[in-house]
Amino acid sequence: MSRLPDLALGSYEAAALMGVHFTRPARMHAAGQIDGREAHAVVGASSRTFLIYSARSCEEDFAEYERRDGGRPRDWLHLRPEALRRLAKASPAILYEDAIGVADAAKLLKVHFTAVYKLVERGKLVARKPWNPRNTKTRVFIVSRASCEQNRREVAAAEKAGTKRGRKRYA
């Protein structure tokens with residue numbers, strides 16, 4: 001078992017870590033085999049959800065697979081070394097317990113969801129785009145809840161001091 005912290009993973013990262021097809025993590029989560037939770041991503045005018053998976057849970061599943069003798073072999077094990085390499089260098093490393101989606105961050109910050117992307121670009125929020133070579137143009141981000149709460153406190157202090165530029169955040 002590798003020594004990864006319990007990072008928040010996207011579906012492709014979770015699949016590669018376990019050596020399964022990229023559609024498998026959602027089914028494994030639904031069956032209660034791995035830990036994950038729903039996060040909200042906003043794309044255009046519609047809202048959709050995606051799952052954030054626990055690296056610890058995926059590693060435990062892989063360790064259980066290695067302990068078993070027989071059974072169905074996993075055909076996607078060739079992706080595991082690349083996934084481990086990428087996750088070891090994941091920057092920023094967002095822990096599973098700290099991870100939320102863009103829409104969740106927008107709700108917490110009381111801003112429009114497009115403002116979250118701008119705050120990430122300016123370095124005001126900690127977020128990362130999960131590795132997914134199948135869809136490189138995705139707008140799905142895993143955002144750190146702690147960085148959102150820190151930003152919210154900073155903005156509230158600036159508003160109270162009267163030094164915040166721009167409009168006041170929603171109530």
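Is Phe-62 buried or exposed, and at what relative accessibility? Phe-62 counts as buried, because its relative accessibility is 7%, below the 20% cut-off for that label. Please keep in mind that this is a predicted model.

**Around Phe-62**
- Arg-80 lies over the face of Phe-62, 3.8 Å from the ring centre.

- The whole structure holds three aromatic pairs.
- One of them joins Tyr-12 and Trp-131 edge-to-face, at 5.1 Å centre to centre with 90° between the planes.
- Tyr-12 belongs to helix H1 (residues 11-18) and Trp-131 to the loop between strand E5 (127-128) and strand E6 (142-144), so this pair ties together parts 119 residues apart in sequence.
- Both Tyr-12 and Trp-131 are buried.
- Over the ring of Tyr-96 sits the charged end of Arg-37, 4.5 Å from the ring's centre.

**The largest pocket**
- The volume of the largest pocket is about 510 Å³.
- It is lined by 18 residues, and the closest to its centre are Leu-119, Arg-122, Lys-164, Arg-165 and Arg-169.
- The lining comprises 10 charged, six nonpolar and two polar residues.
- Helix H6 (113-121) and helix H7 (145-161) each supply at least two lining residues, and H7 gives the most, with four.

Technical notes:
Residues numbered from 1 in each chain as written. Predicted model: local features only at pLDDT ≥ 70, side-chain atom pairs only at ≥ 80, totals over all residues. Heavy atoms only, no water. 1 Å grid on protein atoms, 1.4 Å probe; cavity = no way out; pocket = protein on both sides within 12 Å on 5 of 7 lines; lining within 4 Å. Points joined across faces, edges and corners; volume = space filled by probe spheres on them. Nonpolar A, V, L, I, M, F, W, Y, C, P; charged D, E, K, R; others polar. Phe/Tyr/Trp six-rings, centres within 6.5 Å; stacked < 30°, edge-to-face > 60°. Buried < 20%, exposed > 50% of the residue type's maximum accessible area, 1.4 Å probe, protein only. Lys NZ or Arg CZ within 6 Å of the ring centre and 35° of its normal.
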